[in-house]
Amino acid sequence: MNVGIVIVSHSPLVAEGTAQMVRQMVGEEVRLAWCGGDPDGGLGTSVQAIIDAMESVWSDAGVAVLVDLGGAESNSEMAMEVIGEPRSARIRICNAPIVEGAVMAATEAAGGSSLATVVATAEELSPL
Amino acid sequence: MSKTMTRLTSEDMKALIGAMQAAIAENAERLTALDQAIGDGDHGINMKRGFDAIAADADAICDKPTPQALSAAGMKLVMSVGGASGPLFGTLFMTLGKSLPEDFECGAFADAFAKAVDAVAARGKSSAGQKTMLDVLYPVSDALAAGKSVGEVAAVAAEAAEATVPMEAKRGRASFLGERSIGHMDPGSCSCSLLVNTIAAWISAKEHAA
């Protein structure tokens, strides 16, 4: 099984659009889920929606998560805690820009790379 | 604060939840206005959604012993808020629940509160002096540890929130503004002061009635 990719944005439009770009550039074989919007549908993120997205692409190969702004990151960390050990140790949040990071991570994942390689490839896009 | 052992009844906890929900609702517009100045303008509405969610489930939450009730309330905030304040305030309540015994006196509460504030700092990867809720929580924690009275703790919280006005933000969305974040109160600090003052007023009223 390949590494799964989860896209978490404050905006459902950004999350879905990013997922569309990944699908077009990387193809259908990559395990991909996205979520965006707070529990009322406004701009924000929902821990439950993030958990559902992580569960939907889960495999022992792990999951790489791409986030946009602060709340998306802390809510993704919270989702990992709720999912709990041992699986949470196989979920990583990439320190990378969400669109470019998602495309790079998905490309690497589609090739069967390990979670560490997928994350490192996405994070090469980040300034040191 | 008294040194006697305290156990909050289910009615006490329901009253506290009601008071916190009302305080957040009354100040939601002010919190959002503060957040529009230096954040993304959703703090008031997010906090209101969180405390409304706790209040909606108050019966089930308050059936539990206080530590478990605090953890359940924290999880409600995590699941319902939708912004960064969900995990931060949620972690505060959840860690308080994890660290507090069912019967507690002031010293035990101060110890549990200190652990909860450290957990918030770890969650937010932040520290004191960065214009965040920690700039209220640390002084409150110190005041509790020093055995200050309820009124003194409330005053410390209010002063600490005011003291965030001249600070430059180093963490969160406000840090993008750099020097332009100076001159506005930090919304998370405002919420913390509001909640501390609401709880303090409830304790004072209860002690007065007793």
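## Polar contacts between the chains

A polar contact is a pair of N or O atoms within 3.5 Å; within protein, one of the two must be able to donate a hydrogen and the other to accept it, and residues adjacent in sequence count only if both atoms are side-chain atoms. With that in hand, we can look at the structure, which is a predicted model. Between chain B and chain A there are six residue pairs in polar contact, with both residues at pLDDT 80 or more.

Which parts of chain B face chain A? Helix 2 (43-56), helix 4 (66-80) and helix 5 (85-99) of chain B each give at least two residues to the side that touches chain A. Helix 4 of chain B supplies the largest share of that side, with four residues. Sorted by class, the side of chain B that touches chain A holds eight nonpolar, five polar and five charged residues.

## The interface as a whole

Now let us step back to the whole interface. In total, 18 residues of chain B are in contact with 19 residues of chain A. The size of an interface is often given as the accessible area lost when the parts come together. For chain B and chain A, the buried area is about 1400 Å², and carbon and sulfur atoms give 52% of it.

## Salt bridges across the interface

Side chains of opposite charge can pair when their charged atoms come close. How many salt bridges are there between chain B and chain A? The count is six, while over all chains it comes to 15.

One of these pairs is A:D40 with B:R49, whose closest N and O atoms are 3.0 Å apart. This pair crosses between chains: A:D40 sits in the loop between strand 2 (32-36) and helix 2 (47-57) of chain A, and B:R49 sits in helix 2 of chain B. B:R49 counts as buried because its relative accessibility is 12%, and buried means under 20%.

Another pair is A:E77 with B:R123, with the closest N and O atoms 3.9 Å apart. Here the link runs from helix 3 (residues 70-83) of chain A, which holds A:E77, to helix 6 (residues 106-124) of chain B, which holds B:R123. Both A:E77 and B:R123 are buried.

## The nonpolar cores

Which residues touch the most other members of the largest nonpolar core? They are B:F51, B:L137 and B:V140, in a core of 53 residues. Leaving aside residues up to four places away in sequence, B:F51 touches B:M20, B:Q21, B:I24, B:L77, B:F93 and B:L195.

Technical notes: Residues are numbered from 1 along each chain as its sequence is written. Chains are lettered from A and ligands numbered from 1 in the order in which they are written. This is a predicted model: local features need pLDDT of at least 70, side-chain atom pairs count only at pLDDT 80 or more; totals for chains, interfaces and linings use all residues. Side-chain values use heavy atoms; hydrogens and water are left out. Contact means heavy atoms within 4.5 Å. Buried area is the accessible area (1.4 Å probe) that two parts lose on being put together, summed over both. A salt bridge is a side-chain nitrogen of Lys or Arg within 4 Å of a carboxyl oxygen of Asp or Glu. Ala, Val, Leu, Ile, Met, Phe, Trp, Tyr, Cys and Pro count as nonpolar, Asp, Glu, Lys and Arg as charged, and the others, Gly among them, as polar. A nonpolar core is a set of buried Ala, Val, Leu, Ile, Met, Phe, Trp, Tyr and Cys residues joined through side-chain atoms within 4.5 Å. Buried means under 20% relative accessible area, exposed over 50%, partly exposed in between (1.4 Å probe, protein chains only).
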